[in-house]
Amino acid sequence: MLTYIIRRIIYTLPIWIGVYGITFALFHMRDPIAIARVHMPQAPDAALKAWVRNNNLHLPRFVNLPADADTVLVDGKKHPELASKSIFYSQFFLGFREIITFDFGVDKNRQPISESIAERAPYSLSVMLPAFLITVTLSVVMSLFLAYFRETGLDVGAVLITVAMMSIPVPVYLLLCNWGFGKYLKLVPVYNHVLLPILVSVLAGLGGQVRFYRTVFLEQIEQDYIRTARAKGVSESGILFKHVLPNSLIPILTSVVMSLPFLITGSLILEHFFGIPGMGDMMYTAIYSQDFQVIKVMVYLGAFLYMIGALLTDISYILADPRVVLE
Amino acid sequence: MITILIDIAWILAAAAGIVALRSFLRNPSLKDARDMLASRLRVRIAFYVVCAYLGVGLIGQIKVPEKERIADRSLLDLSLQWIQKERTYSAPFASEVTGIRMLEADRELNRVKGIHILGTDINGVDVMHNVLRGASTALILSFGTALVAMPLGVLLGILAGWSGGKLDDLIQWLMSTVASIPWLLFVIAFLMVFGRGLFWICLAIGLTSWVGTARLIRGETLKQKSLDYITAARATGLSVPRILFRHLLPNVRYLIIIDLTLFCSSVILAESILTFIGIGVEQGTASWGAMLIESEKELMRSPAIWWVFAGSAFCGILPLVLSLNVLGDALRDALDPRAVSSR
Amino acid sequence: MRAGVIFFALFLAACNNNPYGQFPPGKVIMSNLPDDPRTLDPARVGDTQSNAIASNLHDTPFEYYYLKRPLEIKPAMAVSMPRTGAAVSGGTQYRTFEFSIKKGMRYADDSCFAGGKGREIKIDDIIFAVKRAADNSIDPFGLPLLSGKVLGFDEYTTRLEKAHAEEAEKRDSSIVSKVFDSEIPGVRKLDDYTLQLLLTEDYPQIIFFFTLTTGSPQPRECVEYYNGRNGRPAYDRHPATSGAFRLKEWHSNYRIVLARNPNYRSDDFYPREGTEEDKANGLLLAAGRQLPIVDEIWIQIIKAGPPVWTLFDQGYLDRAGIPLEVFNQVVLNQELTPEFKERGTRLDTEIDQATYYWVFNLTDPVMKNKKLRQALSLMLDRREMLERFFNGRGVPAMSIIPPGMEGYEDEYKNPYAAYDPDRARVLLAEAGYPGGIDPATGRALRVSFTLTNSPGSTSLYAFYRSSFEKFNVDLKLEEADWPTVLQKKYKKEFQIIVGGWHADYPDPQNFLQLLYGPNTASSYNEGSYRNPTYDSLYLQMKNMPPGPARLAIIRKMKEIVADDTPVIMQFHPITYGLSHPWFSPFKTHPTNSNQLKFRDLDPEKRKTLVAQWNRMPLAGYLLFAFLILVLVLPVVIAVRKYSRRLR
């Protein structure tokens, strides 16, 4: 088992490098002056060059050659101090070191990003965790229910409703719940409180989740061994709980464990709208203040969490289905 | 000049699409599928709805250049120019505007001159008109993004499934890498580096959403690879590209169509989220997401101005996305032999 | 299933839409800000929001009488009003400005002080405040107020600049410190509590420096202690405070809490005198009480507009502005609607001492054209804009000077600050763009307008575009975030850009300086406007005391500006504020915001009214009954019907 885990970890390394490659290509390969121009469309050259320098985009891209210290770089200046730095003082390697050491740097207000993340993560968690637990529980219960009553009018109606629920975008749920439960019914606080974002999160995810689990369960029910069980006289509910559910664990686990790491990133829209000072809100602010560094860090973080999720999922498979290790 | 060329390109593309669709649907081997689809009422309704939106979207895209005007108007705008522009907000079928100080002196100005099924927005523009305009933005966005994601996904999927070995590993590595970056973050980062606008949005979403399709196609290719007809084709000595495109591709086509339908629905939902955050389409482009973000403040009023919200959500986004989803599911039932019936 | 119903019922009963859970005990004001203040460092505070908090944290030598209008300055930390005179130094005669501060005043306790206890405030701290105002590296707010006025100030500024550069190069952190140790010749310490300034010219406005937050005493040891390193916050976030309140908590993006400062001077009382009108408005109810009256002030950071209104409406914020969307529901004919009158809400309106305008960049080849500028200014229907997008809450601006200030005249009409489509077309043609067509391109004249990125203003921006489209002028909106807009202003890279100014102090010079030619280099004259006649008139009026002579000069200046049209005048905003009945009546101040110490509130009344206002309407119960019917019933029926079948 340990070798399995180690093997899985090693498999993620190339992906981590790939993620770095993509992010690097995105942020550093384009002509920095052009990127500056996106932010300041009519600024004069000097302003663009100053922006480039402030974001460290004037440094050599891949390797710091001795010649670089003497040439005029993108920001219109010579940087003789490059001569004293190693050959690895380039955008590529500096960035690489950043992600290896988890040194995220500072944001526009000169606050260390790692501090902000530590400060904000618990707030995001306070919304995502309950929402997650409620959604999973509700969806599994409801799908089992629908699997029990498959092919009845109830099932058909439910399918239509879930598809309709999936077709409503999050902002619509958000505005509806905010107005309905917050303003009109005065049931829940409209700001700085987790109830509404949890509600919106659950509603928005329910449709898709119920459909997904229902498909998973129905796939199992159609299998032969279920027919055998039924022939043996096992009750319908017995079939669901003792046979279908355990054998559906792999897809369920995939869905559940994969979403675990993202519980701390929070939802941009929900946090900003309902005043939860979490990571989603940090992202939202970064978009508005054009804070490259924060967005870069969040992209890495997202990818990193995804990989942890995949790793955890693979490990959880072992617990659910021992056959996996032998493959 | 350029607008005319773009218009012609649009019409040709639409025509090509329709021809392809018809030939696909007329295919005799699909008779069973067609019957199954046609027999269900909701599938028929969904199909007509999608066609209606497509039509509206198309005429909303064709711009007619006029020298004296600053902004070109589309065929849609021209056909609807009989709709009156009011002074400001008005409820559906109302006789007076609302939402501003109702001064006696402005009585004449405040009268609603036309009939508006969904009322008017703050600048007096008919809401239904805006919803229809939004359809064309949704259309371009779906097509544009699909144009990026679909070919990429299909190509890489087939290559991966067919080649096996090193190339397969490489492509799978690429798929895992792209899949591990959360799409929203990638799109935001992309738009910050390259700029806003429909073109970049299509590119951004396309570059991050091809993985699902690729995985699907790869799986199917692996299955098809070992089937007799492929072995026969190989035995005949056909070149690999020919086998792939003449023999393999038609047999995975059904997957592509199903995927495309569901893909378009998720792109439209994504657009509303992006615009709601504020990094979606540019100011001034009509889109349902833009209407939603304006409705946030309108709902705060008392009495609430609900018609812009209702219009964009329930006459714009919901019918189209719902129909696409229903169609996609139905197509899957009809065409995919292994799918669990969602009936 | 049964368990679910019980749980749901419990949930309903516990439901309480109070975002704070419960109101904190004592007299606590609930207020809000749209964003974290950028800084609370008194030397750096420059924007209205940061000042709203900072001015209540830092005491100043002088302040305004709370109730007296027209505004009158009184001593706060100072013993008495300042003495002016003359003195000789180095053979030259200078005007002097001198005051003493009271003995025994203390800072709030903080770990930056020896022993953690706030020490006594000495005149050295005020001198240090003056020195910091010369430190360009911190972007001080007070620098323009002293530059060129106090003997030796500008040389000191240069010395500091050089010291910072040297320090960065040599990495020696004592160089700047040494400069702070040295003295400015024009800033004399007469004794531990007395300060004398030597002024190089007649400058009555020097007193304003000491009424603003930038003139508050700053303890050097604390400024050096809170340097943002070694886990200590920067001084921006944790200043030493001397005012009526101290900074208790600051959770970024969430909440700031101010608490009563136990070390605040005990001689500050609520005024006992006021006009009959003040008395009628309930402004003398707290007469004679020791300040500050409330225990704490909670400031929620609420970034979007709609939640502010909703929270106020529900009673969880004590005071709020009226957003555009609900205006007509609240105000009718300048009075509250019956619905709000019933609730005991109070309305206060005040024409801000501020002007909004669009700045033309006069270095731009297209914008140099005076007739074009005049034409463009005539194309905007300000009345319609105010009506539709601002609920009529503004006075169309005729000149740059706002109401309430000398130089503002009700009857003055600027011929170009109006909506005149015919004249606009004529001028447009005369400017060389007949019918709006730019002869160089053959298409509509394209003019770029740089403004802030504001997703909620889509319709307003659509209005701007369509206003000019009518004349076939293509107004291209360049949206950017605020820092970028500032950058563009600084780099003079724009054709038209948004601008505006709120009065720092109640003197028209504060506004007229915005069009003074030599101010092009600084951030005041953003459009690089230069008219020599205007400039010489400005120099004449700026040191004159208010009176008919000065008014005559200002009138001439207004005519020049009207004709030159260097800016498109927009309007003077009128602030409408609403307060709840449990919040004491108060008087707003046009420029300063350190009046939180005068506020009072009745927490019991708040609790009662809030509970009353936030009961779920009958419709809610009906809705739940309906939901249960619709959701639960079909399920129960289906279960009954089909469980037989599948068993």
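This is a predicted model: local features need pLDDT of at least 70, side-chain atom pairs count only at pLDDT 80 or more; totals for chains, interfaces and linings use all residues.
User: Why is C:Thr450 called buried?

Analyst: A residue is buried if 20 or more other C-beta atoms lie within 10 Å of its own, exposed if 12 or fewer, and partly exposed in between, with C-beta atoms placed from the backbone. C:Thr450 has 24 C-beta neighbours inside 10 Å, and therefore counts as buried.

User: Where does C:Thr450 lie, and which residues is C:Thr450 in contact with, leaving aside its neighbours within four places in sequence?

Analyst: C:Thr450 lies in strand S17 (residues 445–452) of chain C, a strand being a DSSP run of E with at least two residues, and a helix a run of H or I with at least four, both numbered from the N terminus. Contact requires that the C-beta atoms of two residues, placed from the backbone, lie within 7 Å; with neighbours within four places in sequence left aside, C:Thr450 is in contact with C:Glu478, C:Ala480, C:Val485, C:Lys488, C:Phe494 and C:Ile497.

User: What makes H7(A) oblique to H8(A)?

Analyst: The axes of helix H7 (residues 170–184) and helix H8 (residues 195–221) of chain A come within 9 Å and cross at roughly 135 degrees. This angle makes H7(A) oblique to H8(A), because angles under 35 degrees count as roughly parallel, over 145 as roughly antiparallel, 65 to 115 as roughly perpendicular and the rest as oblique. The axes are lines fitted to C-alpha atoms, for helices over the stretch in contact, and angles run from 0 to 180 degrees between N-to-C directions.

User: Which residues meet where H7(A) and H8(A) are in contact, and how do they divide by class?

Analyst: From H7(A), A:Val170, A:Tyr173, A:Leu174, A:Cys177, A:Asn178, A:Phe181 and A:Gly182 meet A:Leu196, A:Leu199, A:Val200, A:Leu203 and A:Ala204 of H8(A). They divide into 10 nonpolar, two polar and no charged, where Ala, Val, Leu, Ile, Met, Phe, Trp, Tyr, Cys and Pro count as nonpolar, Asp, Glu, Lys and Arg as charged, and the others, Gly among them, as polar.

User: How do H5(A) and H8(A) cross, and what classes of residue are in their contact?

Analyst: The axes of helix H5 (residues 113–148) of chain A and H8(A) come within 7 Å and cross at roughly 35 degrees. By class, the contact of H5(A) with H8(A) has 19 nonpolar, six polar and one charged residues.

User: How many residues does chain B give to its contacts with chain A and with chain C, and of what classes?

Analyst: The contact with chain A takes 37 residues from chain B and 39 residues from chain A, and the chain B side divides into 26 nonpolar, 10 polar and one charged. The contact with chain C takes 17 residues from chain B and 25 residues from chain C, and here the chain B side has six nonpolar, five polar and six charged residues.

User: What describes chain B as a whole?

Analyst: Chain B has 13 helices and two strands, its C-alpha trace spans about 85 × 45 × 45 Å along its principal axes, and 45% of its 343 residues count as buried.

How values were computed
Residues are numbered from 1 along each chain as its sequence is written. Chains are lettered from A and ligands numbered from 1 in the order in which they are written.
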